[in-house]
Amino acid sequence: RLFAAGPRPRYGLRFAWWTGHEQGVYAGSSWYADRFRTELYDNAIAYLNVDIVGVRGGTVKALRNTTSELSSYANSVLERTAGRLSEADDDFVRRALKRLDRTIDPRRSARNSDQSFSGIGLSTAQVSAFLPEAHPDRLPGTGLARWWQTDEDTIDKCDAEILGQDTLIYRNLLEGLVRAASLPFDYTATAEDILSSLGEYTGAAPDNDDLARLVALAERLRAAVGGLSAEADGSARHTARLLRLARLLNPAQYHAASDFDFDRSRGSRLLPGLAPALGLAKMDSDHAHMARIELRRRANRIAHAFARALDLIERRDI
């Protein structure tokens, strides 16, 4: 209603309601991603997942499932709309969001909440209404209510005022995307995340040549992306370059083996294809040999994405 009543946005807007949320590894959104993959790959800007909103008592607004290039923008919109979290609430949110990797911001995109579009390369963001840490209805170790997804999860558990604020947060997130003169993507954060993640893998396998090759490419990528913001002229060419970078980098960051299949594990880590490196030191020689072969193949896929991204930036191709 809000967007239909105002001036026509520069970019289109599509709403979807997912069935099969907890069934079949997000059966509804994954079906949609499969069915409309080409259209989404060619045209989509970002995916905003609306989950855990309007919750009675949900006064802590938790930024989560946000890809690195959208993180600065999404956080600034959240703070302008709902205010900055206190230090204690921010610490609580970070502890409540579970990841397997130790060095990556837990608010980054994870394998939950219908995140079915990373293999296509879409940038993502999500804000959920968490209960405060001291709330008596909170499930321990989470920001969720004890009655979440039970037969007690009825309409009285929704607070209209909180839902109104959550709706405004998403409206404002959309506003800065569908009316943007230049898309608010910051790939500096992406490069830093990649290097931070690689640090954990190289720490576990310090002599692995494949990981060393990825670090060298990631350092080049960090140097290259610094000039992108200076080129933010709102042109179709610049916009296409930003979206093409997401198509190259996000699948490698968030999918383990393929851009076209879904990782079935709920465990989340950046560059998950490199996970075999973490166990190499404890394997016997035969298993370590097979793990290094798998690691090389997955490192090749990631290196290909990094190299194509560098071509895109350094040659200014689309």
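**Loop residues and their accessibility**

Biologist: Where does serine 86 lie?

Modeller: Helices here are DSSP runs of H or I with at least four residues, and strands are runs of E with at least two, numbered from the N terminus. Serine 86 lies in the loop between α4 (68-82) and α5 (87-96).

Biologist: Is serine 86 exposed or only partly exposed?

Modeller: This is a predicted model, in which local features need pLDDT of at least 70 and side-chain atom pairs count only at pLDDT 80 or more, while totals for chains, interfaces and linings use all residues. Residues are numbered from 1 along each chain as its sequence is written, and side-chain values use heavy atoms, with hydrogens and water left out. Buried means under 20% relative accessible area, exposed over 50%, and partly exposed in between (1.4 Å probe, protein chains only). Because its relative accessibility is 37%, serine 86 counts as partly exposed.

Biologist: What distance separates the C-alpha atoms of serine 86 and arginine 35?

Modeller: Serine 86 and arginine 35 are 51 residues apart along the chain. Their C-alpha atoms are separated by 42 Å.

Biologist: Is phenylalanine 15 buried or exposed?

Modeller: Phenylalanine 15 is found in the loop between α1 (2-5) and α2 (27-35). Its relative accessibility is 57%, so phenylalanine 15 counts as exposed.

Biologist: What is the phi of aspartate 114?

Modeller: Aspartate 114 belongs to the loop between α5 and β3 (123-130). With a relative accessible area of 3%, aspartate 114 is buried. Although aspartate 114 is not a glycine, its phi is positive, at about 55°.

Biologist: What is the phi of leucine 271?

Modeller: Leucine 271 has its place in the loop between α9 (236-254) and α10 (285-314). Leucine 271 counts as buried because its relative accessibility is 0%. Leucine 271 is not a glycine, yet its phi is positive, at about 50°.
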